[in-house]
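This report describes a single protein chain. The sequence and the coordinates are shown first, and the description follows.

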Amino acid sequence: FTRAVSYAAREISRVDMTGANYTQLHTGTSSGTNGWFYSGLTVDVANNAIYWGDIGIITPAPPADGAVNTMTLAGGAPTTLVST
């Protein structure tokens, strides 16, 4: 799931099927890499990957730097696959 930590900080996290074992996998800020306004999470268990989109930096508008990103299911090796 994604969560807004603050206006300028977001995270991608997970919990197990019981709702326990909260683990933060990735964080981003409005000025960081691999985005910060996460959406469209997809889990690819067979390939040990999570994919997500982000709108990029929102200031100045309109955003022109969104991306599609990936990382391992454990949160390692965040990588931008496609950016505008």
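## Basis of the description

The model is predicted, so local features need pLDDT of at least 70 and side-chain atom pairs count only at pLDDT 80 or more, while totals for chains, interfaces and linings use all residues. Residues are numbered from 1 along each chain as its sequence is written, and side-chain values use heavy atoms, with hydrogens and water left out.

## Overall architecture

The protein chain contains seven strands and zero helices, and its elements run β-β-β-β-β-β-β from the N terminus on. Both kinds of element are DSSP runs numbered from the N terminus: helices are H or I runs of at least four residues, and strands are E runs of at least two.

Of the 84 residues in the protein chain, 29% are buried. The term buried denotes a relative accessible area under 20%, exposed one over 50%, and partly exposed a value in between, with a 1.4 Å probe and protein chains only. The accessible surface comes to about 5,000 Å², and carbon and sulfur atoms contribute 62% of that surface. Such areas come from the Shrake-Rupley method with a 1.4 Å probe; for residues, only the protein chains shown count as cover. Among contacts in the protein chain with a separation of 6 or more, 23% are between residues 24 or more positions apart, where contact means heavy atoms within 4.5 Å.

## The nonpolar core

The largest nonpolar core has six residues: Ile12, Leu25, Tyr38, Ile50, Trp52 and Met71. A core of this kind is a set of buried Ala, Val, Leu, Ile, Met, Phe, Trp, Tyr and Cys residues joined through side-chain atoms within 4.5 Å.

Isoleucine 12 lies in strand S2 and is buried, with a relative accessible area of 1%. Beyond its neighbours up to four places away in sequence, isoleucine 12 touches Phe1, Thr2, Gln24, Leu25, His26, Tyr38, Leu41, Trp52 and Met71. The C-alpha atom of isoleucine 12 is separated by 6.4 Å from that of threonine 27, 15 residues apart along the chain. Isoleucine 50, with neighbours within four places in sequence left aside, is in contact with residues including Leu25, Leu41, Asn69, Met71 and Leu73.

Apart from residues up to four places away in sequence, serine 13 touches Phe1, Tyr22, Thr23, Gln24 and Leu25.

Side chains of opposite charge can pair when their charged atoms come close. The structure holds one salt bridge, defined as a side-chain nitrogen of Lys or Arg within 4 Å of a carboxyl oxygen of Asp or Glu. Glutamate 11 and arginine 3 form this bridge, with the closest N and O atoms 3.0 Å apart. Glutamate 11 is buried at 2% relative accessible area, whereas arginine 3 is partly exposed at 38%. Arginine 3 is found in strand S1 and touches Ala9, Arg10, Glu11 and Tyr22, not counting residues up to four places away in sequence. Computed along the sequence, arginine 3 and phenylalanine 37 are 34 residues apart, but their C-alpha atoms are 9.3 Å apart in space.

## The aromatic pair

Rings of Phe, Tyr and Trp (its six-membered ring) pair if their centres lie within 6.5 Å; planes under 30 degrees apart count as stacked, over 60 as edge-to-face and the rest as tilted. The count by this rule is one aromatic pair. The ring centres of phenylalanine 1 and tyrosine 22 are 6.3 Å apart and the planes stand at 40°, so the pair is tilted. Phenylalanine 1 lies in the segment before strand S1 (2-6) and tyrosine 22 in the loop between strand S2 (9-14) and strand S3 (23-29); the pair therefore ties together parts that are 21 residues apart in sequence. Phenylalanine 1 is partly exposed, at 40% relative accessibility, and tyrosine 22 is partly exposed at 43%.

## Positive phi angles

Most residues other than glycine have a negative phi. Asparagine 21 has a positive phi of about 60°; it is found in the loop between S2 and S3 and is exposed, with a relative accessible area of 56%. Asparagine 48 has a positive phi of about 55°. Asparagine 48 is found in the loop between strand S4 (38-44) and strand S5 (49-54) and is partly exposed, at 40% relative accessibility.
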